[in-house]
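Subject: Structure handover, helix packing and aromatic pairs

Hello,

My notes come after it.

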Amino acid sequence: MSGVGEASLVLGIISSIIAIVTAAKNIYDAANDTSGLPKAFHKVAAKLPIVVVILKQADEYIHQPQVDQGAKDAFKIILSRCEASAKELHEIFAKVVPKDGASRVERYFSAARKIGRGGRVEDLIAEILKEIGLLIACSSFATQKTLQAVEGALADISLIEPSLPANFTTVQPSRVKILQQIQYNDIPTNENSVHPRAMLRGWLLPDSLSDTDLAAEQDAYLQKRFCNPDTGFNSFQWFFETPSYKNFIENDTSKVLRIKGSPGCGKSILVASAIHELETLDLRVDSTKVLYCYCSGDPEQTSSATLVRRFLAQVLEWATPEMILEVKKFHSAHLILKVHDMGNIEDGLWRLLRKLLGMRTKKTYIVVDGLDDCAQPLVCLRYLIKVTTTLAAKDQCGLLLSSRLEHRDTFDNKNIQSSLVKNEVECCQLEITPELTRRDLMEYVTYQVSTRPSFLSSSQLVCDKIVASVCNRANGMFLYASLALEDLKGETISSFADIDITLAALPTDLFKSYERKLQFPRRTRRGPEAIQWIFCATPSMTWPELKSALAIGKDGFNENEVILDNCDSFIEHSCGQLVEAFGDSERLRFVHPTVSEFLAQFLDPQNNFDIGKADAMVASKLLTFLEYPDLPSFSAPI
């Protein structure tokens, strides 16, 4: 169906609902005597004008040409469900309200039995208001005042005395019973229904917190784990043989395991390997589950609210119907999770997470990579420890955290320590030292030297010397070793003296390596601006977004400036080795969080990478973007 056809269909549904709801209100207003009606009818009738007002706003919104196809599809699905509930509500009003005398109650029972799916009028208006709230959540047409009106109406409805007794007989169970009994993973998804899990995940996670990006990040780190195809050797396999890990996965108690290491030593790759291992400990349906979040790779510092929203979204992937019901209850009270309201409801989200995990009979592991990169590490840690200690009585939680060595240790906080001791939660620490990763690094460098074309012509003695020298210089840092091997590409090495001279010219540390690597994009036409955009973007930009950004000039969008290369080719020829793309959406980011730190703190501003001017450049281009309405759109905020 064309965009015009879809819009017409949506507008037709909106008009239908407005007519149905208005007719129900007219029936109530025209009644000679409403004193004999259950109290719920009066409350429900008072809420009907709110529905009409908001639907008229939605009608105006859909008429706007900038509303995309995705919004129209979402409106159609939501409005179809809303229309069904409105018809049922109108049917009850038509049968019950106009009739005087004691027969009204009997007629109400009869109408409820015929509808079957929760014939109570308070249930029907609640369903309509929830769909209206979801409509607001997936668009931008309503004001804050409108949202508050919907939330207030739902709160009022929740306090209504049941209009029918709890044990009244109907053809089918009431809606509440359906929510308690239904097996959600058996519900087929079609154009007129949205899977409850998907709806609630969409409520929890806006585009900037996409769970697909989280899964892509896990896959990206797993792919970086070195596996020798010839010998089957896997890096970080030693971790799973340590007493710390074996003690951590024991089922008798809840435990905390802290992993610490220097930047570039492979913490995130080790964490990804641990997540994969924990997920495969028990493959049964009701088995151990893993919730995880990568904070170190997030260009916008992860807050405690972001953490809990990501965890809840992951819980929904395997939640039982009872757990989904609990989430829906919270959703009903907070239809939209506004950023400025997070402080008021964040505690409630963490309580909800603790309640859901407490409903499980198996252990849940929570994994956070880069705790010290969070916006407020101590606040995040307090919430995480609270989850662990709350579940400690049932031995249901394992908390695995990674952080850098040089950052302030939040575990030194007295409240954290006393909480762990009081609840008898064991906490152990593992430091990733050069000694622990020596073999991993040696295997990685050896394989790279033996397979890279630039080293194939070198003798075995020269190759062995290169391997030993790079590993010694790297001191346990895989990232440095990888960058050093790239520096050696193209060098003519035919003697030990050549090796010593070449290695002496290598950067002495990770930041010196970054400085050298930035010399390449500095020489390209697009490189400096691309680096600035990637540095400023939160969340990470997609490849199409960066292409659009680079084509915006002072006079508007210049189609001749649109990059024709694919993403990988552009990175190779313009950005060099400090930028990477990850996920199906090809989001661009630096290869390590320390690249951003280096750009912000240590790079000499007397060059093309004066990051201090990056914000001004981006702001100027975005102002141009706003002044020219025909420019390509960005799918996420920058």
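The notes below cover helix packing and then aromatic rings. Please keep in mind that this is a predicted model.

**H15 and H16**

Start with helix H15, residues 377-390, and helix H16, residues 414-422. Their axes are 10 Å apart, and the packing angle is about 10°. Angles under 35 degrees count as roughly parallel, so H15 and H16 are roughly parallel to each other. On the H15 side, the contact uses Leu378, Leu381, Arg382, Ile385 and Thr389. H16 brings Asn415, Ile416, Ser419 and Leu420. Sorted by class, the H15 contact with H16 holds five nonpolar, three polar and one charged residues.

**H18 and its two partners**

Helix H18 spans residues 460-474. It packs against helix H20, residues 496-504, and the axes come within 10 Å. They cross at roughly 25°. H18 and H20 are therefore roughly parallel to each other. The crossing of H18 past H20 is right-handed.

Which residues of H18 meet H20? They are Leu461, Val462, Lys465, Ile466, Ser469, Val470 and Arg473. Facing them in H20 are Phe496, Ile499, Asp500, Leu503 and Ala504. By class, the contact of H18 with H20 has eight nonpolar, one polar and three charged residues.

The other partner is helix H19, residues 478-488. Here the axes come within 9 Å and cross at roughly 135°. That angle makes H18 and H19 oblique to each other. H18 passes H19 in a right-handed crossing too. H18 supplies Ile466, Val470, Arg473 and Ala474 to this contact. H19 supplies Tyr480, Ala481, Ala484, Leu485 and Leu488.

**Aromatic rings**

The count comes to 22 aromatic pairs. Two are set out here.

Phe226 and Tyr447 form a tilted pair. The rings are 5.6 Å centre to centre, with 50° between the planes. This pair links distant parts of the chain, 221 residues apart. Phe226 sits in the loop between helix H9 (211-224) and helix H10 (243-248). Tyr447 is in helix H17, residues 434-451. Are the two partners buried or partly exposed? Phe226 has 8% relative accessibility, so Phe226 counts as buried. Tyr447 is at 21%, so Tyr447 counts as partly exposed. The cut-off for buried is under 20%.

Trp350 and Tyr383 make a stacked pair, because their planes are at 5°. Their ring centres are 4.9 Å apart. Trp350 lies in helix H14, residues 342-358, and Tyr383 in helix H15. The pair therefore ties together parts that are 33 residues apart in sequence. Trp350 is buried, with a relative accessible area of 0%. Tyr383 is at 17% relative accessibility and counts as buried.

Ring pairs also build a cluster. Its members are Phe226, Phe236, Trp238, Phe239, Phe240, Tyr245, Tyr444, Tyr447 and Phe478. Both rings of the tilted pair, Phe226 and Tyr447, are therefore in this cluster.

Best regards

Technical notes:
Residues are numbered from 1 along each chain as its sequence is written. This is a predicted model: local features need pLDDT of at least 70, side-chain atom pairs count only at pLDDT 80 or more; totals for chains, interfaces and linings use all residues. Side-chain values use heavy atoms; hydrogens and water are left out. Axes are lines fitted to C-alpha atoms, for helices over the stretch in contact, and angles run from 0 to 180 degrees between N-to-C directions. Helices (H or I, at least four residues) and strands (E, at least two) are DSSP runs, numbered from the N terminus. Angles under 35 degrees count as roughly parallel, over 145 as roughly antiparallel, 65 to 115 as roughly perpendicular and the rest as oblique. Contact means heavy atoms within 4.5 Å. Ala, Val, Leu, Ile, Met, Phe, Trp, Tyr, Cys and Pro count as nonpolar, Asp, Glu, Lys and Arg as charged, and the others, Gly among them, as polar. A crossing is left-handed if the near helix is turned anticlockwise from the far one by less than a right angle, and right-handed if clockwise. Rings of Phe, Tyr and Trp (its six-membered ring) pair if their centres lie within 6.5 Å; planes under 30 degrees apart count as stacked, over 60 as edge-to-face and the rest as tilted. Buried means under 20% relative accessible area, exposed over 50%, partly exposed in between (1.4 Å probe, protein chains only).
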